[in-house]
Amino acid sequence: MAADAGRPAWDGSKRVLLAAPRGYCAGVDRAVIAVEKALELYGSPVYVRKEIVHNKHVVRTLENRGAIFVQEADQVPEGAHVVFSAHGVSPAVREQAAARNLQAIDATCPLVTKVHKEAVRFAKQDAEILLIGHTGHEEVEGTAGEAPDHITIIDSPEIADTVQVKDPDNLVWLSQTTLSVDETMETVRRLRQRFPNLQDPPSDDICYATQNRQVAVKKIAPEADLVVVVGSANSSNSVRLVEVALDAGARSSYRVDNADEIDETWLDGVTTVGVTSGASVPEILVEEVVEWLAARGYGSVETVTTAQEDLVFSLPTDLRRDLKRKSLPVTPV
Ligand code: SF4
């Protein structure tokens, strides 16, 4: 295999290709910092509805600092502080929180909020919305809750072949932010075959972080005998990275929460290991995987970079207001 321009020639020995970008995105970073700042500001406990981001390590770490994770707002004591997760909530959840006088801090990722606003706008135009996404995922529940009478969830490309619509000339598709770009485009292609006047969203709903991590894993996958994706099982974008790696030519690919979950037999006959991580994964977990591999002879590590990321989101408004009142820093650092 010829070396890429700008990349050193490979001598054929065991190696790791580390995809970049990987790991934390701007929305996850903001949500985790929001909980940390809320704990600092209001003291423990601070309640969090659902997992703040889909990562076991992050949730455990915040629990140890005094966060209490609940499934629904009605499990939070009246008047307490509650953080809404990065995946967003439906208006019904906001109403439930308001009815209990909860002090809500909304850590919904601004790129999820953008999709919510699109749903509301198209619903006002009385359009029918085909929301491509996974049934039961919190983000999809939140978006669908913005316009339940207008939204139909398209859970897979196959559903696109059978879904029934009321008016094929007043139809738009939107999507969950963390899907496979290629699979989503396949779903849209099938929908458009049946509904040629289907409108596109005003801009990409699959977010920059999801797209960048998929592009990066596609770059390393064809050279990899094994791709290890660090991320939790309920992390949509992490699970997609395994699928994308396999589609892009990796001989095998597995998702692990951390290095302890790697099975040594996966390394049989493996020379090149690709490593990446989902958007909710702290870098420490990737470092541990790289160390685990180094201890087994994969000490040569090459980072393969396909994009630079420098996006930072400001903290939720209510939190910034309270931080300012106490003269604490409001920047997400
Ligand atoms: S994966 Fe994308 S949509 Fe989700 S929190 Fe990160 S930036 Fe926001």
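Tutor: Start with helix α9 (residues 236-247): it lies across β9 (226-230), β10 and β11 (272-277), and runs at about 165 degrees to β10. Keep in mind that this is a predicted model, where local features need pLDDT of at least 70, side-chain atom pairs count only at pLDDT 80 or more, and totals for chains, interfaces and linings use all residues. Residues are numbered from 1 along each chain as its sequence is written.

Student: What makes something a helix or a strand here?

Tutor: Both are DSSP runs numbered from the N terminus: H or I over at least four residues for helices, E over at least two for strands.

Student: Why are α8 and α9 called roughly parallel?

Tutor: They pack at an angle of about 30 degrees, with their axes 9 Å apart. Angles (0 to 180 degrees between N-to-C directions, axes being lines fitted to C-alpha atoms, for helices over the stretch in contact) count as roughly parallel under 35 degrees, roughly antiparallel over 145, roughly perpendicular from 65 to 115, and oblique otherwise. Therefore α8 and α9 are roughly parallel to each other.

Student: Which residues of α8 and α9 make the contact?

Tutor: Thr210, Arg213, Gln214, Val217 and Lys218 of α8 meet Asn237, Arg240, Leu241, Val244 and Ala245 of α9. Contact means C-beta atoms, placed from the backbone, within 7 Å.

Student: How do you know which strands are at the edge of the sheet?

Tutor: The open sheet has 5 strands, ordered β10-β9-β11-β1-β12, with parallel pairing. Strands pair if DSSP finds at least two bridges between them. β10 (253-256) and β12 (300-305) each pair on one side only, and these are the edge strands.

Student: What makes β1 and β12 a pair?

Tutor: Strand β1 (residues 15-20) is joined to β12 by 6 bridges, and the two run parallel. Since at least two bridges are required, they pair. Within β12, Glu302 is the bridge partner of Leu17.

Key
Two residues are in contact if their C-beta atoms, placed from the backbone, lie within 7 Å.
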